[in-house]
Each structure stands twice: as C-alpha cells, then as structure tokens.
Amino acid sequence: MSVYAVNKLCYRIVQEPELREQLRTQPAEAVAAAQPPLSDEETRAFLAGDVGALSKMGVNHFLLHQVARWNLIDMDLPEYARRIRAAYR
C-alpha cells in the first residue's frame with residue numbers, strides 16, 4: 001500500500017480541473033491512470049467513497065477532504081464528515 005499515491009491524487013484534484021472533470025465522468029479511468037498508481041485496496045476504497053477506510057490507512061485528512069470539497073465520487077462535505085465519524089466510532 002502506498003498512501004502517498006492517494007495523497008498525491010487528492011492534491012492533484014485541487015490543481016488540475018481536467019482531473020476533477022474526469023473523476024466526475026470516468027472515475028475508474030481517472031484513478032487507474034494515477035501516477036504513482038494506487039493499490040487495489042486504495043482504488044476500491046477511493047471509488048467507493050470509503051474515506052473512513054482511507055483515513056485509517058493514513059491518508060492525510062486535509063488532502064482527502066478535497067474529494068468532498070469538489071463533490072466528487074457522489075460526496076459532499078457533510079457526507080464526508082459523516083463517513084469519517086462513522087469510521088472512528
């Protein structure tokens with residue numbers, strides 16, 4: 001597992017409007033093209049919007065919340081917060 005890859009993908013969400021658009025329209029393809037590549041476990045969690053699992057893997061919360069900030073993977077900020085809290089109950 002390379003948590004760095006997820007952190008970098010989340011960082012790129014802020015910097016690259018094209019990536020945000022691809023994550024909205026073709027999320028699996030966008031994640032598959034990420035460099036460095038995400039592990040299978042990270043890919044499954046990212047595409048499922050399982051931010052709780054990603055958090056527990058060690059993904060940076062500030063970077064991870066960018067997914068919800070930009071309303072990607074069918075998640076907004078309140079849903080992001082709910083999923084993070086649920087993972088730590």
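Analyst: Helices here are DSSP runs of H or I with at least four residues, numbered from the N terminus. By that numbering, Asp74 is placed in the loop between helix 7 and helix 8. The model is a predicted one.

User: How many helices and how many strands does the chain have?
Analyst: Read along the sequence, the pattern is α-α-α-α-α-α-α-α. The secondary structure therefore comes to eight helices and zero strands.

User: What is the mean pLDDT of the chain?
Analyst: Where pLDDT is low, predicted coordinates should not be read in detail. In this chain, confidence is lowest in helix 6, at a mean of 96, and highest in helix 3, at 98. Of the residues, 99% reach 70 or more, and the mean pLDDT of the chain is 96.

User: What percentage of the residues count as buried?
Analyst: A residue counts as buried when its relative accessible area is under 20%. The chain exposes about 5,000 Å², of which carbon and sulfur atoms supply 52%. Of the 89 residues, the buried share is 40%.

User: Which residues does Leu23 contact, leaving aside its neighbours within four places in sequence?
Analyst: Leu23 is one of the residues with the most contacts inside the largest nonpolar core. Contact here means heavy atoms within 4.5 Å. With neighbours within four places left aside, the partners of Leu23 are Ile13, Ala30, Val31, Phe46 and Leu72.

User: Is Asn7 buried or exposed?
Analyst: Asn7 lies in helix 1. Not counting residues up to four places away in sequence, Asn7 touches Val59, Asn60 and Leu63. Its relative accessibility is 16%, so Asn7 counts as buried.

User: What distance separates the C-alpha atoms of Tyr4 and Gly58?
Analyst: Tyr4 is found in helix 1, and with a relative accessible area of 55% it is exposed. Tyr4 and Gly58 are 54 residues apart along the chain, while the separation of their C-alpha atoms is 9.1 Å.

User: How far apart are the closest N and O atoms of Glu21 and Arg24?
Analyst: Side chains of opposite charge can pair when their charged atoms come close. Because they are three residues apart in helix 2, Glu21 and Arg24 are separated by about one helical turn. Glu21 counts as partly exposed at 42% relative accessibility, and Arg24 is also partly exposed at 42%. They form a salt bridge, with the closest N and O atoms at 3.9 Å.

User: Which residues are linked in a network of salt bridges?
Analyst: The structure holds four salt bridges. Glu79 forms one with Arg83, where the closest N and O atoms are 2.7 Å apart. Both of these residues lie in helix 8, four residues apart, about one turn of the helix. The network links Glu79, Arg82 and Arg83.

User: Which peptide bond is cis, with omega near -5 degrees?
Analyst: Most peptide bonds are trans. Pro36 is found in the loop between helix 3 and helix 4. The cis bond is the one from Gln35 to Pro36.

User: Is Asp74 buried or exposed?
Analyst: Ile73 lies in the loop between helix 7 and helix 8, and Asp74 has its place in that loop too. Phi is positive in both, about 50 degrees in Ile73 and near 50 degrees in Asp74. Ile73 counts as buried at 14% relative accessibility. Asp74 has a relative accessible area of 77%, so it is exposed.

Key. Residues numbered from 1 in each chain as written. Predicted model: local features only at pLDDT ≥ 70, side-chain atom pairs only at ≥ 80, totals over all residues. Heavy atoms only, no water. Core = buried A, V, L, I, M, F, W, Y, C linked by side-chain atoms within 4.5 Å. Buried < 20%, exposed > 50% of the residue type's maximum accessible area, 1.4 Å probe, protein only. Salt bridge = Lys/Arg side-chain N within 4 Å of Asp/Glu carboxyl O. Helix = DSSP H or I, 4+ residues; strand = E, 2+ residues; numbered from the N terminus. Areas by Shrake-Rupley, 256 points an atom, 1.4 Å probe, with all protein chains shown as cover. pLDDT = per-residue confidence, 0-100.
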